[in-house]
Amino acid sequence: MSTAPIVLACPSDYENVSAEGARALADAGFRLVLNPHDRPLTEHEVRTLGAEAVAAVVGLEEWTDKQMDALPSLRILCKQGVGVDNIDLESARARGIVVTNVPGGNAGAVSEFTVGLMIAALRNLPQGERAAADGDWSRFPGREISALTVGLLGFGRIAQLVAKKLVAFDGTVIAHDPFPDEESARRLGVELVGREELLARSEVLSLHLPVLPETVGTVDTDFLRSLRDGAFLVNTARGALVDETALLAALDGGELAGAALDVFSTEPLPAGNLLAQHPRVLATNHMAAESREAYAGISRANAQAIIDLVDGREPANAL
């Protein structure tokens, strides 16, 4: 029977999309237990597959107090990305379980995807694709970024990369952040404004907030009513930021021109989700961070964190 320490790799298709990290762990003498499903693992599956794991690479599955109790050998949780809102950090600390993430590891991928999603929504690409497939040569006039004011709610690393790309399109970019990075704003040509002004001026509003108790449901009925008529909403951050019932009502009522959404409050989406099927919504399946380049860098960082911890060294980016 093998005595190699076990690493539970929770993200689906880890061995392929995170091949560099998988090889580094195997070369260091670890045995990988993989997610056999094309979806996030359930609580029961995590407990079953990870019963003897000393480490886990965390995807979108939930890591609760109860979950950690069920894995007595667990020493480290490494998030495949930056957001750790699906990990109970207090429970991990209470058990001496180290939690790491990879700040900026997918920032380039997410920022690029955000701008791509924005352009696709503004230029009606999904409608054009469907029409072409049906032999329909209808016209779908859209909007150009150079003619619009794009607002960024949150001005951290990803938002700043989004701003850099938008400025290259000759767009007017404004941003609001409770802790504004004024130097970066000046360098990028971004105007920092108050929250009310951001909502009033933005013709496209892109969300770049973390999920905290005070940010859950930020985009509610009052928020949406404060946006200028005909605005577009873009969310590649977290689904919990948006009251989806309020968003659906704003779309149905015509207050919003459309929404481009990569994240939802419930994932995977249940069949027949009204928001994802709305004719003015461009929906994708939480894929903004998924580039080969991002996975390669993140997987290497996570593998190194696990190797370092087991070898008695302090892993990087411990929270």
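Predicted model: local features only at pLDDT ≥ 70, side-chain atom pairs only at ≥ 80, totals over all residues.
Begin with the lining of the second largest pocket, whose residues divide into 11 nonpolar, six polar and three charged. Of the 20 lining residues, select Gln-127, Pro-279, Arg-280, Val-281 and Leu-282, which are the closest to the pocket centre. Next, colour helix H6 (107-122), helix H7 (125-133), strand S11 (256-261) and strand S12 (281-283); these are the elements that give two or more residues to the lining.

The axes of H6 and H8 lie 8 Å apart, and the helices pack at an angle of about 50°. H6 and H8 are therefore oblique to each other, and their crossing is right-handed. To display the contact, show Ala-107, Gly-108, Val-110, Ser-111, Glu-112, Thr-114, Val-115 and Met-118 on H6, together with Arg-157, Ile-158, Leu-161, Val-162, Lys-165 and Leu-166 on H8. By class, this contact of H6 with H8 has eight nonpolar, three polar and three charged residues.

Finally, move to helix H2 (residues 19-27) and helix H13 (residues 292-310), whose axes cross at roughly 20° and come within 7 Å. That angle makes H2 roughly parallel to H13. The crossing in which H2 passes H13 is right-handed. On H2, select Glu-20, Gly-21, Ala-24 and Leu-25; on H13, the contact is made by Ala-296, Ser-299, Arg-300, Ala-303, Ile-306 and Ile-307. Six nonpolar, two polar and two charged residues make up the contact of H2 with H13.

Note on methods. Residues numbered from 1 in each chain as written. Heavy atoms only, no water. 1 Å grid on protein atoms, 1.4 Å probe; cavity = no way out; pocket = protein on both sides within 12 Å on 5 of 7 lines; lining within 4 Å. Helix = DSSP H or I, 4+ residues; strand = E, 2+ residues; numbered from the N terminus. Nonpolar A, V, L, I, M, F, W, Y, C, P; charged D, E, K, R; others polar. Axes fitted to C-alpha atoms, helices over the stretch in contact; angles between N-to-C directions. Parallel < 35°, antiparallel > 145°, perpendicular 65-115°, else oblique. Left-handed = near helix turned anticlockwise from the far one by under 90°. Contact = heavy atoms within 4.5 Å.
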